[in-house]
Amino acid sequence: MKRTDETRGIFTSRAKTLQLDMDRFFSLVDQCGLLLEEAIKKYLDNKLDEFEEKAAEIDKLEHEADNLRREIKHRLYAEMLIPDSRGDVLGLLETLDNVLDTTKHVTMHFSIEKPEVFPFLKEDFLELTQTSVKAVLELTLAVRAFFRELYRVTEHLDKVHFWEHEADVIEERLKRKAFASDEIELFSKRVHMRYFAERISHVADESEAVAERLAVYAIKRNM
Amino acid sequence: MAFAGLLFLSSGLYMGWSLGANDAANIFGTAVGTRMVPFRTAAIICAIFITLGAVVSGAGAAKGLGALGAVNALPGSFIVSAAAATTVLWMTRAGLPVSTTQAIVGAIVGWNLFSGYPTDQEALTRIVGTWIYGPILGAAIAFLLFFVVRFILNRLHIHLIRLDKYTRTALILAGIFGSYSLGANNMANVVGVFVPASPFTDLRLLGVSITGTQQLFLVGGLATAVGVVTYSKRVMLTVGSALFKLSPITAFVVIASTATVLFLFASEGLEAWLQMRGLPSFPLVPVSQSQAAVGSIIGISLAKGGRNLNLKVLRNIVMGWVATPTSAALLSYVALFFMQNVFMQPVYV
């Protein structure tokens, strides 16, 4: 495993390495979000080879995150760390993993199904992706705050909710456009557009689901 | 020491055992209940530092208690201690936050009434006063400490994992302080009534002289250690997981503030220091640890804006002020009568 081994010295404490692992995990979530945006851009620009590269990268990072999560879980239990909030932290990591899974599935389905995105919808697809990714990035800020600056969690969570709502608005607009337009002749292609709009928006939905949990964990941790 | 002496000490040993089983659990309950500190570590710390506190500075509070009434015959001390212990047992079964201090004070007053010795009103007022301002002081200290800890945590941005490590260390340090203070302050409840009629004589061991009173406190400390090892785990798990849901950090605040209250009412050094500077000092008398702890929890509750403040807990404290000493005094009086007239043992001289 590549990870942060190079940053660890012999004298780095166990607590420190675990911290580094967690930070690495959150950074993988960030990277997957940013890569999703890049991948969709490439797809919409018809640069399919570059899109596949980004999709493969997401796949790799998701796999790395999975391993990392398992290792963190093992160490939290084996080393009897944070007994009071261990369950919450593990719950958080597992739901964050759902965000990664959803991200991976978006690019995977684009790669498998190769949907024909009509030019008048490209802008909306890009905006929907960017907005969903904003929700993910804001979520990781909230998660990082949970570990270091508890009092700042709420402000980030509020933004996650905001971007999730925005994603819903764009998703609806996109779907309405797809079904109202005469440019798409086949009904199946309209349904296909709806399906992919929902898939992308699901990334924001998953982020919001983690945010809901995090809000409760933050209250519990608040002295 | 004669066998009779040991027999008469048994009620004191039971009080010591009870102190170890119950009050030690108040110190490490949350830490052990939430698995922040292993029971073995908690038990070793409690056993060592309660005994150390008792031997090094247990005398101050014992003098304060002695001023109330010097039980001067060993059979009398046995009855006074047994009456207090039985009251503690009853009250615990009734689910009230019982205080060994209040029980022993009631039992001594019972002895005073029986023997005809006058109760020192000034000493009584001083002791009863601490029952009221012990919990209040606990609340005030916990209130301030809560804000200090929160301020520090908000400024330092410590990662949860690292904070976990620091919290464990803080809980252990507070536990050491709490154990020492408990031994220093509350051991008077265990062996205080045996001091005037102590069966021990002064000893010289390896060039160090150990007074009879210190030996008495050592025996009390050892009885407490036995209580910690044999029974406190169950109580700790109840305190830690059922009674008050405290987070490890709030548990630290509660232990530290409770220990400070007990320390303030036990330290002869602090008393001398304050008096030297013409400042008002704290009377050296045993205070109730459990009520100081409840006071501390109320302090935290107030710091959080007064939510979850359970008025029933307050009512139980006030009830304890009246019910515990009254029952102990009554029981002590009746038992002394039996000891003197049925078992033909002198209960006072």
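The model is predicted: local features need pLDDT of at least 70, side-chain atom pairs count only at pLDDT 80 or more, and totals for chains, interfaces and linings use all residues. Residues are numbered from 1 along each chain as its sequence is written, chains are lettered from A and ligands numbered from 1 in the order in which they are written, and side-chain values use heavy atoms, with hydrogens and water left out.

**Exercise 1. Salt bridges**

Solution: 
- Step 1. The criterion is a side-chain nitrogen of Lys or Arg within 4 Å of a carboxyl oxygen of Asp or Glu.
- Step 2. A:Arg75 and A:Asp21 form a salt bridge through their side chains, at 3.4 Å from N to O.
- Step 3. Helices here are DSSP runs (H or I, at least four residues), and strands are E runs of at least two, numbered from the N terminus.
- Step 4. A:Arg75 and A:Asp21 are both buried. Buried means under 20% relative accessible area, exposed means over 50%, and partly exposed lies in between (1.4 Å probe, protein chains only).

**Exercise 2. Salt bridges within a helix**

Task: State how many residues separate A:Arg69 from A:Asp66 and A:Glu198 from A:Arg194, and say whether each pair is buried or partly exposed.

Solution: 
- Step 1. A:Arg69 and A:Asp66 meet at 3.6 Å, N to O.
- Step 2. Both sit in helix H2 of chain A; because they are three residues apart, about one helical turn separates them.
- Step 3. A:Arg69 and A:Asp66 are both buried.
- Step 4. A:Glu198 and A:Arg194 meet at 3.7 Å, N to O.
- Step 5. In helix H6 (residues 187-221) of chain A these two are four residues apart, so they too are separated by about one helical turn.
- Step 6. A:Glu198 is partly exposed at 31% relative accessible area, and A:Arg194 is partly exposed at 34%.
- Step 7. A:Asp66 and A:Arg69 also belong to a network of salt bridges with A:Lys73, A:Glu94 and A:Asp97.

**Exercise 3. Aromatic rings**

Task: Classify the pairs A:Phe162 with A:Trp163 and A:Phe179 with A:Phe187.

Solution: 
- Step 1. Rings of Phe, Tyr and Trp (its six-membered ring) pair if their centres lie within 6.5 Å; planes under 30 degrees apart count as stacked, over 60 as edge-to-face and the rest as tilted.
- Step 2. The whole structure has 23 aromatic pairs over all chains.
- Step 3. A:Phe162 and A:Trp163 lie 4.9 Å centre to centre with 75° between the planes, an edge-to-face pair.
- Step 4. A:Phe162 is partly exposed at 45%, as is A:Trp163 at 22%.
- Step 5. For A:Phe179 and A:Phe187 the centres are 5.9 Å apart and the planes at 65°, so this pair is edge-to-face.
- Step 6. A:Phe179 is partly exposed at 32%, whereas A:Phe187 is exposed at 55%.
- Step 7. One aromatic cluster is made of A:Tyr43, A:Phe51, A:Phe110, A:Tyr195 and A:Phe196.

**Exercise 4. Positive phi**

Task: Locate A:Lys114 and B:His157 and give the phi of each.

Solution: 
- Step 1. Most residues other than glycine have a negative phi.
- Step 2. A:Lys114, not a glycine, has a positive phi of about 45°.
- Step 3. A:Lys114 is in the loop between helix H3 (86-113) and helix H4 (119-148) of chain A, and is partly exposed at 41%.
- Step 4. B:His157 has a positive phi near 50°.
- Step 5. B:His157 is in the loop between helix H6 (121-156) and helix H7 (160-191) of chain B, and is partly exposed at 30%.
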